[in-house]
Structure formats: structure tokens, C-alpha cells
Amino acid sequence: MVYGIGLAKGMGVTLKTLLRPAFTVQYPDRRVGVMGAAKAAGISTPGLIFKRPIKAFRAVIGLERVAVRPTQSTRFRGNEFTWYEERCTGCASCAKYCPLGIIKIVTSPGGINVQEGESYAIDTFDIDIGRCMFCALCVEACPYDALHMGSSFERGNYVRMDLVLTKADLNAQAKHPSTWFRPQMEARDFSPFDDVIDDMKQAGRHEMPSVERLTERWVEDRKTDQAEDD
Amino acid sequence: MNGFGNVSGARGLTALSGSESPPSPGSEPGTVDMMVNMGPQHPATHGVFRMELRVDGERVLDLVPHIGYLHRGSEKLCEHELYSQIITLFDRLDYVSNFNNELVLVTAVEKLMSVEPPPRAELIRIIMCEFNRIASHLLFYGTFAIDMGAMTPVLYNFRDREKVQALFESVSGARMMHNYFRVGGVKQDVDADFAARALTLCDDLERGVDDSDRLLSENAIFIERTSGIGVISGEAALDWGLSGPVLRASGVPYDVRVEEPYSRYAELDFGVPVGSAGDCWDRFYVRILEARESIGIIRQAIALMEPGETMARVRQIARPPAGEVYAHCENPRGDLGVYIVSDGGERPYRLKVRPPSFCNLQALRDLTVGHYIADAVVILGTLDIVLGEVDR
Ligand code: SF4
Ligand code: SF4
């Protein structure tokens, strides 16, 4: 065995990687030069130098930064849930399926739902995302496509209670539903990072079926279930 | 008595009983055996694990492992969860190879219910599991090198593991706790360009594994530190109940994928790399070869993939008949088994996990005694334990 060969080989790999472009992403922002700053501002490089010399100078001395968003899959299960009140019937399937039991729902008679017509009004809908593990079982359980995972991962807080998403929070926040377990959104190339779905009709898998169709489905389901039980 | 009390106690070290008597004629004058406590917060123990070492200078005379710092009562917890909810708990057993853990649970429940998942779902599962095996081994190469003071390899390995996790994210929506396999198939079909991306990733990983191989395997310092350290014979390994790469490094070609093929492994053609010496170097190199075999398996599985269903027709809330079942699969760390007793309800009556890390850890004392302290870290590194699985 000749000593030093291993060292040379190891250094060879290191050298090769030195010449490759960097793989690391600088998050949440990265430093840019003059050209990068011009591109971020949407003007040509000479334009930036002549029209906004201060910005160009800052870029030269390394003070200009642009925001970076890491590439994420559209199926990413993020932490701000997207919930459509009009779609929700208050059936509490999501609350029952959650392994941690962190969804709290209180209902009273007299609400309206796009698919079922008359249903319950939701008085409370709290999700404690401080304890959530983002398994998306609640999303799977929802028969009306009212609940979707979100796509963000930035939710630093000083107070734990701020991590409880209340009905008001869910209604107020921008709706960027993740495409996880929502094939209808994947089918039309929906990107949660660029688009917002405020219209609850677009988020669902199906529009309100006719009463005949619903009855038919129930009868079918019952038949297959009974066949399985036997 | 000179009135200063216990001298070794004043130095902050615990002398063993009997050490205050004059040293016996055979040993070096003036030395005492020392207890050294490694962990639970020690970077080299790969988690919350404590080793109590009795050392004579640098030599390890005795080693007592202490576990249980990460005990979360997973097995008991499973008795209170639906089968589909248990999958999320299994993700958290061996948190570096989540897909392989999920596979074992769904295989067991499917066996109990006599459900046959659709062929496409089985192939997706195999591809995910093998990618996860490579990701887990990549992490091993890196952390193992860190155990020996080499900081560079882990950076390359994390780069490649990152690519695997990006693929996982695009399939299952999560980078680590996937919750993707279901009793009867997988939750959602992969997207259209999955095969192309997976094949590109295979090429990348091949290069990544080669990088690790070139950085470490033939490195003179690496060989000095690993060869002949922590040797265990094939027979002894079987007696201890070791499994996975640790067993195969000792020359026993036991792999559950070959011995008792589950899923569609019987249709795939792959080799089972074995070592000969059973030392730390073999345990490392077996994992390099295994990662290459996994890449081959993925390529074959992608070629076999055909469009179709990804879910058998089972209810979302699985309700297996009363009875009991044992299923085991080849995890990156070894033979992971799960034993389920069902009373016909939606939740298991009792669930027991046979964790490979836990069984492999038993051999640590035998492997380590007689070596230096620094080698204890290397030997623990090659056992590649994950404490989430040891303590459950
Ligand atoms: S993602 Fe999982 S843990 Fe979180 S609320 Fe939904 S079911 Fe519960
Ligand atoms: S499962 Fe869906 S419809 Fe039912 S309460 Fe939850 S969010 Fe509303």
C-alpha cells in the first residue's frame, strides 16, 4: 500500500466539486451583484447604473439582497390549512380522523352548504397547528373537499396560542391549498405558490350532485358494504 | 491516611471499588480504572444514547449501554389508534427510513386481511423503499466519517440525500414523515414525469455513492481506523440475532427480500453483497454495495411500471378479522418485524415491533471490549442505530 494515494483521491473529489455550481440555496434571501439587482428590479443593467446609481452602488458593495423561495413540490403539506366555510357541513370527520384530536368543531343547526344544501352553521373551527404533525389524514377524511393542506412553512411565533388557527384566521388568510390528495387541482396544473383559490367552487372535486344521484350513490355504497360484511 | 480524602473523587472521576488499595503487582503502578460516561448528549452516539465505559487509560474494559431516553410508548399508543393512524406512528420509529417502516405495517395488515394491493402500487412502494434505503445509507456514510473526524463526506451525502427528499416530497407531500402507504396500496398515484425524474435521480445517486466510495473506502487513514476493528464472526452474529448489513458483513447472506420475498421482490433481480471479515470496514463497504444494488432494483421496477390502479378496494378504516400475524421486511438497518394481534376491531389488540437497531445494539459490548475509546465510537457508528427505533 502506498501512503498518500487515498488523500490525493479524496482531494480530487473535493477539487472537482469546487468547480461545480453550488447546490446550496441561500434562504430567506441572497446577495446579488449589479446584474442580479437589475434583473430583480426589472430593468437593464445600464439602466440601473444610470437611473438608480445608489442601488447599483449598494449592489457593488454587497448590500443588495433578493428574496429566495426554495423550490417546493405542489403536494407539499404546509402548515396554514385552507378551509372553505361554505363547503364545510360540520360533519367533524376531520376531527375524528385526526390521530392527535386537535381539531375542535362546534356547530348549530341552520347553515348552508354548496353540496348538501341546508346543513349546520359552524360556530367554532379551531386547529392547533402547534401540535399538528401534518399527516393530512384530516384532509383525506373530508368528504366535501372543504379542508386542504396549505403550502407555507413559515410560521414562527412567540406565543403558543398564536398557533391555534381559529375560524376567523382560516377565513381571513390567503388560500393557497396544497394539491396533496386533491387530484382535481393537479389535473389543471394548479400551483399553490402563485395562485390563490378564493372561490370555493374551484377547490372541490365535484359540484352539488342531484338528489337522485346522491340517493343512487348511497344505495350503491350500502350494497357493496353489505356484500363485504357477509 | 493523609487526610485529603478520596483523591480520585476530587479529580471528578469515579474510582472503582477496590482501586484505593495499592495496585496489584501485575498492573502498571499508579493507574486506576476509570468510569467514563458517554452520552446521552454526545454527538457520537447518534441520538440520546448513553454508554458507560470502564477504561484503563484508553482501553475499554467494559461497556454498559443505557437506552430508553427516547421512549414514547409507540407500541401502547398503537392500541388506541386506527390502522391508518398507526402509519403515522411507524413513520416515527426509524425516522431515517420512514417508507420502509410504513411498508412493514401495511404488509402485516394486508396479510391479516388477505388484501392484494394492485401491481402498480407495489412497484411504487418498492421504488420508494429502495430510494429510502439509499438515502439512509448515504446518511450513514456521512455520519460515520464524522465519527472518525472527516467532515467532508457528509456534505456530499447530504447534497444527494436532499435530491432524494425532493422526490419524496413530490410524491408524498412530506420530506420525512410521509404517511403515504395505505392498507391496500398507496394514497395517491405518482405524477406523470415521476419515472423520468426517478431515473435521473438514479444516475445522480450512482455518482454520489461513487463519490463516497472514492472519498472513504480506499483512504489509508480510513482503512487504518476501520479494518480489524470490532470483528464479529458470522456464527456469533447469528447468535446475537443481528440482521441487515451488520450480519451480511460477517459473511451470512441473509436478506429478507431474498429469503422470504414480500411485495414484488421475487420478480426483481438483485444481488446480496456480503463481507468476509466482519469488521468495521466490511460493515461500511457492504452498505456501499447495497446502495448500488438498490439503484439497480429501482431501474428494474421503473421498467416494470404500468399505468393502473394504486389502491385496492378496501375501506378507509381497515377492520381486519380476529387473528394474529407477523410480517417482516428488510429495512436499511436490518430485519424489521411487526406482530399484530387483532380482535376483529378497528384498532389492534396488541402490536409488537421487532426493531433491528435494538437487536444489533446488543452486540456492542462484545464488539467494543478490548479496543480504544475512539474505536468504540467507530463501532457504534457501523451498527448504525436510530434511537427512535431502539427506544420506540
Ligand atoms: S394534519 Fe394530521 S395531525 Fe394535523 S390536524 Fe390534520 S389529521 Fe390532525
Ligand atoms: S370533514 Fe370537511 S366538511 Fe366535515 S367538518 Fe371537517 S372540514 Fe368540514
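**Group meeting: rings, ligands and a hairpin**

Hi everyone, let me start in chain B, where a hairpin joins β6(B) to β7(B) through two residues. Strands here are DSSP E runs of at least two residues, helices are H or I runs of at least four, and both are numbered from the N terminus.

A quick word on where this comes from. This is a predicted model, in which local features need pLDDT of at least 70 and side-chain atom pairs count only at pLDDT 80 or more, while totals for chains, interfaces and linings use all residues. Residues are numbered from 1 along each chain as its sequence is written, chains are lettered from A and ligands numbered from 1 in the order in which they are written, and side-chain values use heavy atoms, with hydrogens and water left out.

β6 covers residues 323-331 and β7 covers residues 334-342, and they pair in the antiparallel sense over nine bridges; for two strands to pair, DSSP has to find at least two bridges between them.

Now the aromatics. A pair of aromatic rings is described by the distance of the centres and the angle of the planes. Rings of Phe, Tyr and Trp (its six-membered ring) pair if their centres lie within 6.5 Å; planes under 30 degrees apart are stacked, over 60 edge-to-face, and the rest tilted. Over all chains, the structure holds 18 aromatic pairs. Take A:Trp180 and B:Tyr180, a tilted pair at 6.4 Å centre to centre with 55 degrees between the planes. Where do these two residues lie? A:Trp180 is in the loop between α7 (167-172) and α8 (183-187) of chain A, and B:Tyr180 is in the loop between α6 (152-172) and β4 (181-182) of chain B, so the pair joins two chains.

Are they buried or exposed? A:Trp180 is buried at 1% relative accessible area, and B:Tyr180 is buried at 0%. Buried means under 20%, exposed over 50%, partly exposed in between, with a 1.4 Å probe and protein chains only. Ring pairs also link A:Trp180 and B:Tyr180 with B:Phe99, B:Phe168 and B:Phe181 into a cluster.

There is a charge over a ring as well: the charged end of B:Arg59 sits over B:Tyr372, 4.4 Å from the ring centre. In the same way, B:Arg125 lies over the face of B:Phe181 at 5.7 Å. The criterion is NZ of Lys or CZ of Arg within 6 Å of the ring centre and within 35 degrees of the ring normal.

On to the ligands, in chain A. Ligand 1 has 13 residues around it, and A:Cys98, A:Cys132, A:Cys135, A:Ala136 and A:Cys138 come nearest; near means a heavy atom within 4 Å. Ligand 2 is surrounded by 15 residues, with A:Cys88, A:Cys91, A:Ala92, A:Cys94 and A:Cys142 closest.

Which residues does A:Phe125 touch, leaving aside neighbours within four places in sequence? Its contacts include A:Cys88 and A:Cys94, along with A:Trp83 and A:Leu147, where contact means heavy atoms within 4.5 Å. A:Phe125 lies in strand β5 (residues 117-128) of chain A and is buried, with a relative accessible area of 1%.

Last stop: A:His176 is in the loop between α7 and α8 of chain A and counts as buried at 19%.
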